Amino acid sequence: MTAQPTKDAPRGLAAHWPLAAFTVAAVLVPILLSGNRYLAFVAGMTLLHILWATGMNLLYGYTGLMPLMFAGLAGISAYFVVNLTSMGWSFWLALPVGTLAASIAGTILGLPSLRLKGFYFTLCSLVIQTVITLGFVYFASITNGDTGISQIPPPSIPGGGELTGLGYEIVIAVMAVIGIAVLMLIVRSSFGRRLAAIREDDGLAETLGINVTYQKLAAFFIGSLYAGVGGALYAPYIGFISPRSFDVLISMNIWLMVAFGGRGTIWGPVFGAMLLAPIPFLLQDYYTVKDILYGVLIIAVTILMPGGLASGFKRKAPKAEIAKDAPSRQLDQRSAA
């Protein structure tokens with residue numbers, strides 16, 4: 001059971017303080033970790049995955065589509081940016097071009113969603129992701145094949161210098177905050193309500209007069225923007241990309257962060273990314289432990305909280321309220337007696 005996007009949405013300051021708190025944390029954490037470049041890098045990668053998970057959440061959580069070609073779209077943007085900058089383009093000009101290319105590709109590759117639903121669309125998107133990865137391998141003149149492209153230069157800063165280290169992580173943090181803010185606006189808009197209706201029953205939504213085709217393609221275009229921005233930022237940040245950087249395992253990891261945190265909620269996938277994204281980096285010398293930990297977390301959440309961490313907290317909250325009110329109700333009953 002996923003959250004309704006508007007009915008129970010908090011209003012006023014209550015709706016904005018989580019975003020304000022996240023903004024402060026997203027900027028402060030890289031600053032506090034700047035003395036340890038490795039931990040600061042892990043924080044930067046976590047913020048990048050938060051951006052990706054937020055985009056995946058729009059499609060999977062709010063529209064009901066599970067796009068397993070999400071990493072492939074990020075790869076399209078990354079290769080666009082790397083090739084354009086190697087031709088002399090500014091990174092800041094190549095970024096929107098690469099992002100737009102990923103969005104157009106995502107919209108076109110999302111066309112099967114108009115005919116396929118649920119498991120069948122997921123299977124189709126898995127095939128699309130495989131084709132994209134093979135395309136990255138076989139179009140070696142653009143991607144350098146399976147060898148990948150290394151020594152990708154960092155973006156230049158207008159006025160001189162290069163964007164590296166803490167400055168780069170602040171930029172990623174800002175993009176993650178913007179991504180979450182945009183999703184919040186979408187969820188509270190009429191567009192978000194139409195997506196929720198399509199998620200619940202697209203046939204019924206169409207009967208109610210909603211243009212399902214347009215809404216789904218619009219969702220794919222916007223969701224692919226998240227993948228594109230993340231891919232464009234990923235390439236110079238890592239300094240190396242290859243087809244394996246954007247294969248189906250990356251798509252599965254992003255999906256897992258959304259499902260683990262709680263799809264169809266604003267902050268569930270954010271917490272999912274915060275908890276799961278650092279694990280491969282912090283446990284890189286203990287691959288077996290990492291895999292076991294991933295498995296235990298997935299099983300625990302699936303059994304105890306099928307809707308993810310967010311749904312588990314939501315179920316506990318009403319129980320806490322009931323327990324809190326129980327003594328007063330008992331007193332009322334005794335008074336009445």
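I looked up the contact (heavy atoms within 4.5 Å) of helix 2 with helix 7 and found Arg 37, Ala 40, Phe 41, Gly 44, Leu 47, Leu 48, Ile 50, Leu 51, Thr 54, Asn 57 and Leu 58 in helix 2 meeting Gly 165, Leu 166, Glu 169, Ile 172, Ala 173, Met 175, Ala 176, Gly 179, Ile 180, Leu 183 and Ile 186 in helix 7. By class, I have 15 nonpolar, 5 polar and 2 charged residues in this contact. Nonpolar covers Ala, Val, Leu, Ile, Met, Phe, Trp, Tyr, Cys and Pro, charged covers Asp, Glu, Lys and Arg, and polar covers the others, Gly among them.

I note that this is a predicted model, in which local features need pLDDT of at least 70 and side-chain atom pairs count only at pLDDT 80 or more, while totals for chains, interfaces and linings use all residues. Residues are numbered from 1 along each chain as its sequence is written, and side-chain values use heavy atoms, with hydrogens and water left out.

**Axes**

I read helices as DSSP runs (H or I, at least four residues), numbered from the N terminus. The axes, lines fitted to C-alpha atoms over the stretch in contact, with angles from 0 to 180 degrees between N-to-C directions, come within 9 Å for helix 2 (residues 37-60) and helix 7 (residues 165-187) and cross at roughly 20 degrees. Helix 2 and helix 7 are therefore roughly parallel (under 35 degrees).

Next I checked helix 12. Its axis and that of helix 2 come within 8 Å and cross at roughly 145 degrees. Here Thr 46, His 49, Ile 50, Ala 53, Thr 54 and Asn 57 in helix 2 meet Pro 269, Val 270, Ala 273 and Met 274 in helix 12.

**Aromatic pairs**

I found 11 aromatic pairs (rings of Phe, Tyr and Trp, the last by its six-membered ring, with centres within 6.5 Å). Phe 22 is in helix 1 (residues 13-32) and Trp 267 in the loop between helix 11 (248-261) and helix 12 (268-276), so the pair ties together parts 245 residues apart in sequence. Both Phe 22 and Trp 267 are buried (under 20% relative accessible area, 1.4 Å probe, protein chains only).

Trp 52 and Tyr 234 form another tilted pair, 5.9 Å centre to centre with 40 degrees between the planes. I place Trp 52 in helix 2 and Tyr 234 in helix 10 (residues 212-238), 182 residues apart. Trp 52 counts as buried at 3% relative accessibility, and Tyr 234 at 12%. I also find Trp 52 and Tyr 234 in one aromatic cluster with Tyr 79, Phe 136 and Phe 246.

Notes
Helices (H or I, at least four residues) and strands (E, at least two) are DSSP runs, numbered from the N terminus. Angles under 35 degrees count as roughly parallel, over 145 as roughly antiparallel, 65 to 115 as roughly perpendicular and the rest as oblique. Rings of Phe, Tyr and Trp (its six-membered ring) pair if their centres lie within 6.5 Å; planes under 30 degrees apart count as stacked, over 60 as edge-to-face and the rest as tilted. Buried means under 20% relative accessible area, exposed over 50%, partly exposed in between (1.4 Å probe, protein chains only).
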